[in-house]
Amino acid sequence: MERVATKTDLEVLSADDAEIRDTDIAFSCPFCGKSLVIDYRGAGLEVRCTECGKEVLVPIPGGMELADLDLDTNEVLSQLFATRRNYQKAEFQIRLLREKLVQMQETLGVMQNVIAEGLAQS
Ligand SMILES: [Zn+2]
């Protein structure tokens with residue numbers, strides 16, 4: 001099922017009324033901020049924003065090179081999925097670090113109270 005990416009079979013849609021698939025690229029219009037979504041094969045193409053009508057460049061997902069788009073569809077797909085997995089892992093780690101930060105801030109608060117009480121008593 002190899003398909004060549006052409007502008008004609010790639011339609012950019014508003015993220016509000018489009019069903020976002022795993023293989024879609026979601027991005028914002030740099031001119032009006034509208035959330036847009038397009039098939040991953042649209043990466044690096046210029047499309048017309050559904051909201052303001054300006055030509056916008058579809059971003060290439062992180063970790064993906066434009067040259068990769070010439071690869072076989074399955075290969076591009078597996079790269080896209082790998083990129084998404086890495087992204088999700090990174091997000092998970094950020095969440096863990098945030099929780100740690102909150103815990104450390106609480107500990108710091110307790111320690112500051114103890115010090116303040118100690119100083120008040122001395
Ligand atoms: Zn726009």
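Modeller: This is a predicted model, in which local features need pLDDT of at least 70 and side-chain atom pairs count only at pLDDT 80 or more, whereas totals for chains, interfaces and linings use all residues. Residues are numbered from 1 along each chain as its sequence is written.

Biologist: In what order do the 3 strands of the open sheet lie?

Modeller: Strands here are DSSP runs of E with at least two residues, and helices are runs of H or I with at least four, both numbered from the N terminus; two strands pair if DSSP finds at least two bridges between them. Strand 1 (residues 13–14) pairs with strand 3 (residues 35–39) over 2 bridges in the antiparallel sense, and strand 2 (residues 24–28) is joined to strand 3 by 5 bridges, also antiparallel. Strand 1 and strand 2 are the edge strands, each pairing on one side only, and the order is 1-3-2.

Biologist: Which residue of strand 3 is the bridge partner of D24?

Modeller: Within the pairing of strand 2 with strand 3, I25 stands opposite I38. For D24, the bridge partner in strand 3 is D39.

Biologist: How many residues of helix 1 are buried?

Modeller: Helix 1 (residues 73–121) has 49 residues and reaches 72 Å from its first C-alpha to its last, close to the 72 Å expected at 1.5 Å a residue, where the expected span is 1.5 Å times one less than the number of residues. A residue is buried if 20 or more other C-beta atoms, placed from the backbone, lie within 10 Å of its own, exposed if 12 or fewer, and partly exposed in between. Helix 1 is hardly covered, and the count of its buried residues is 2.
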